[in-house]
Structure formats: structure tokens, C-alpha cells
Amino acid sequence: MQIILRILKTSWQGLFRNGWLSLVAIFIITQVLLLVGLFVSLNIGINYAISEIADRIDVAIFFEDYATENNILAFQDKIKTTSGVKELKYISSGEAKERYLENSQYNQQLLNLVGEDESFFPASIEVRVTNPELIEQVVGKIKESDDSRLISATSLEKNQTIIERLRKFNRLLAYGNLILSVILLIIALMIIFNTIRMTIFTRKEEIEIMKLVGATDWYIRWPFIIEGIFYGIIGAIVAFLLTIGLFRLGIWLLGAEYWTWQTLSLENGMFNWQLFVQIFVIQFIFGILVGAISSYFSTRRYLRI
Amino acid sequence: MIQFNRVTKHYGTVKALDGASFSIQPKEFISLVGSSGAGKSTIIQLLTCKEYPTFGQVTIDGKDIHLLKKSYLPYYRRQIGVVYQDFKLLQNKTVFENVAFALEVTGVPEEEIRTETAKMLQLVGLKSKANNFPHELSGGEAQRVAIARALVLHPRLLIADEPTGNLDPHNAWEITQLLLKINRLGTTVILATHNREIVDAIGKRVISMKDGKIISDKRYGKYCLS
């Protein structure tokens, strides 16, 4: 207990008697954590975009004219359990027409051509899959099922190139994101590690003297580790406040009518308080862990006497 | 108490110490003399376990100190006090804290630290400067703080590595007197120096070294190097 109190006291003294250096260290760590925070938001945005794109990839299965609505619904029930199917949606001829009219409402010529003829639009089932990469397999399985004679065509053949392109884009996003994450993480680690090493380097004589007086390695090390953790905590708090400030500023700059906090958070459910808490937790844990580990490794080389 | 048994230390191809053998009895005062590079510092670094011998053994009370477990080293080091030419005080701690610090690392209760530290500062005559920082002290005063710090754990052995190297003759003599006083109080002292006047004035055992070898070991010796 005595020892723990002393270690805490030493950490506290170290922090304040090295005033400027501590301030610089906190400043640098704040910046890095801010970067981490912005990066995490970017990451979440990209993942959101990826899942949005994946959701857009679907296949319509069209049916022969003679298939009744009951036939199709029965078929839908049957293929519901096919593995890889995420969602099935029945679109009747009427609904298909309505959709078409809505999408082409400004093209009067087309509207005239279609007129009131529902039979122009075949009924279909829209298939969404859990993994866009598996779309061919899923459609293949559906085509092999019992009542497949009802199927006249699928949109897969027609949309193959678009699907392929979307998938490629998604893969690019995911890989790019991963590579960027790794690079940024390494940079963040290096910067914090070097900053803490610098603060410890200036006190290597102190470590040496403690060692000569007969202090145990852990007695010497703990104050530095606690100091490192403390840098991490302060850095995380400041970075968190700055992150919120930056988002607020961004929203204010972009114009309140269009990009209000509410529309941002309501429209896509991404930019809400939960996200900010998440970012804070990530910054906090990152700061503490990196601070402590950096201190541990930085003191180690001076303890080898 | 301390036994050097044909100890040799190589740094690469340089022989810093070449088959040195000698023993030290409890409560002895030994002057270790020789010019720079003669091997004095190597002997001290071997004694503090900062370095390990290439050949031979260094034993204290019959135990080879270089076979001690790494984790036991801090406890071993608490039994020997060391004073350096450059004092090695912590600049951001006061005189009192510098001395108390040696006790703090051992987990002694706060009350005892206060009384022991005060006692040591009294012994070295620095009670009035307890709250000053090292940069406010003269060289002689700083060295006395270092001695107080080395003694506060009541070591059996006090090693002084050129303690007067940075001091003027007057202060050097005062420090020497202090070391003799500490020796009278019962602590074994090893004084490494190349200061002829001091060694001659002390008039106790002198071990002379040259090029890593012990060239003379006299009970009441004088500085005999040219």
C-alpha cells in the first residue's frame, strides 16, 4: 500500500515537474487520437456505403404469363428456405406497372405507349442475398427447384456486368479501407511510441540513479506507465471534445437547413450519439493501451544496467 | 569480506582488468589509485554488478555476486552505497527528497524516512539546505548529499568513485574527512582516486593499479605512481 501510494505520487510529480514535455506529449497524443477518431468515423461511413451497395444488388425472377398469383406465392414459400436468401419480395404486374410509371413520370411518350396494359409487366419475385458474391449460386439453386418451369427469365443475365462492377467497387472499397486502416494504425502507434520515448529519454539519468540506489525494475517502471496512461486519458478526452466540435462545425458550415444534426442522424442513423460514444471508447482504450505499452518498452532499454 | 579472485574483464579486445586478486576486510579503508584507464572503474562496476567478469570471481562473504539472480540485484545494491564524481543527484528533487528517495524505494514507513533522512543530512552537515534543489548547491555540498544518499540505507560498503574529481582542494579535503569519519563509524570504504595529496594524507591501505594490473598493495601506502 505504502509502495502504491509512493508510485502514484512519483507519477504525479513526474507529470508536473516535466511540465512542458508533458504538455507537448499530450498535445501530440491528442492529435493522433483525433486522427484515429476521424478515421473511425470514415470507416463506419465506408462500411455503411459497402452494405448499402450490397443491398442494391438483387435479382428479379420473372414468371410465365400463365403463372397465377397463387402459383407464384406458393413458389416463393418454397424457395424461402434456400440458403443465402436474405429477403424475397413478390411484385405483382400491377405493382410493377405502378413502379414503372413512377420512375418514368416525365417521359410522356413511354407512358402513352404503356397505357393501362398491365400484362406488359410480368409479375416477379425480387431476391436479395446475404452475400452478393454468391448471387449466381442462389439463383442457380432457385432455378433447380420443383416448380422452376414457371420461371420465364431472371434479371441476372441482363445485369451481369452491372453486378460485377458493383461487386468490384465494393471489394475495392473494403480492401482500400483495410490497407488504409493498417497504415494509419501503424503511424498512430509509432507517433505515440516515439513521443513517450522522448519524454522518457530525457529522464534516463533518473532511471539509472534509481537503479543504482536499489529500486526494483517495477518500482521504477510503474510511474512511467501510469504517466503514459495518463497521457492517453487526457489525450482521449481532448480528442473526443475536438471530434464533436469538428462535427458541429462541419454541420454549421454546410448549412443548417440541409444538413442539420437531426436530419443527419435520422436519415441514415449513422451519426448519432451512440457513434460518438463508440469513437470515444475506441480513442480511450487506444490511448491508454498505447500509452502504457509505449512506456513499458521505452523504460525497458534504460533498465538494463 | 570482499574477495577478487583473478578477475579479468575484457571489453572487446581491450583488457580493462587483468587477473586482479585482492581481498578486503570489514571496516577497512582502501584507496584505489591509478591513472584513468588503469582499471579502477572496472573494479567498481564489477562490485555494483553493472558489469560481469570475463574470467574469475568476485565474492562477498563467500558468495559469487555475479551469480545472483537479476531480480535480486536491487536488494544486493541496497547493501552497497556508491558515490560518483558527477554526484548523480536527481535535479528535480530537493536535497531532502534525494536522500529520502533511497529509502522510499525500499518501502520504509514515512515516519522512519523523515527521521533517518534528517539524521543523515545532519551527519554530512547539510541540514540547513534540506529544501534546496541540487543546482543551488556548491560541488562540495552536492557531493555530501550524494554521500548522505549512499549512507541512508546503512550499507556495509561505501564505494566512492573519484568523489573529489570535480572539487577544489578545500572541498576535496572536506569530503575525504567525511569519508574517514564514515569509516570510523564502521563502514567499509573504497575510495578510487588519482589525487596524490589526498591519498598520501589518508595514510591507509593503498592498492595501485596500472593497465588493468595491480602493481602494489600496501597496508600504509602512499601514492606511488609517477
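Predicted model: local features only at pLDDT ≥ 70, side-chain atom pairs only at ≥ 80, totals over all residues.
Trainee: How are helix 2 and helix 7 of chain A oriented when they pack, parallel or antiparallel?

Mentor: Helix 2 (residues 19-56) of chain A packs with helix 7 (residues 155-201) of chain A at an angle of about 170°, and their axes lie 10 Å apart. Because angles over 145 degrees count as roughly antiparallel, helix 2 of chain A is described relative to helix 7 of chain A as roughly antiparallel.

Trainee: Which strands are the edge strands of the open sheet in chain B?

Mentor: Six strands of chain B form this open sheet with mixed pairing, in the order 6-7-8-3-9-10. An edge strand here pairs on one side only, and the two that do so are strand 6 (80-84) and strand 10 (213-218) of chain B.

Trainee: Is B:His154 buried or exposed?

Mentor: B:His154 is found in the loop between helix 5 (139-151) and strand 7 (157-161) of chain B, and its phi is near 50°, a positive value in a residue other than glycine. Most residues other than glycine have a negative phi. Because 12 or fewer other C-beta atoms within 10 Å count as exposed, and B:His154 has 12, B:His154 is classed as exposed.

Technical notes: Residues numbered from 1 in each chain as written. Chains lettered and ligands numbered in written order. Helix = DSSP H or I, 4+ residues; strand = E, 2+ residues; numbered from the N terminus. Buried ≥ 20, exposed ≤ 12 C-beta atoms within 10 Å, placed from the backbone. Axes fitted to C-alpha atoms, helices over the stretch in contact; angles between N-to-C directions. Parallel < 35°, antiparallel > 145°, perpendicular 65-115°, else oblique. Pairing = 2+ DSSP bridges.
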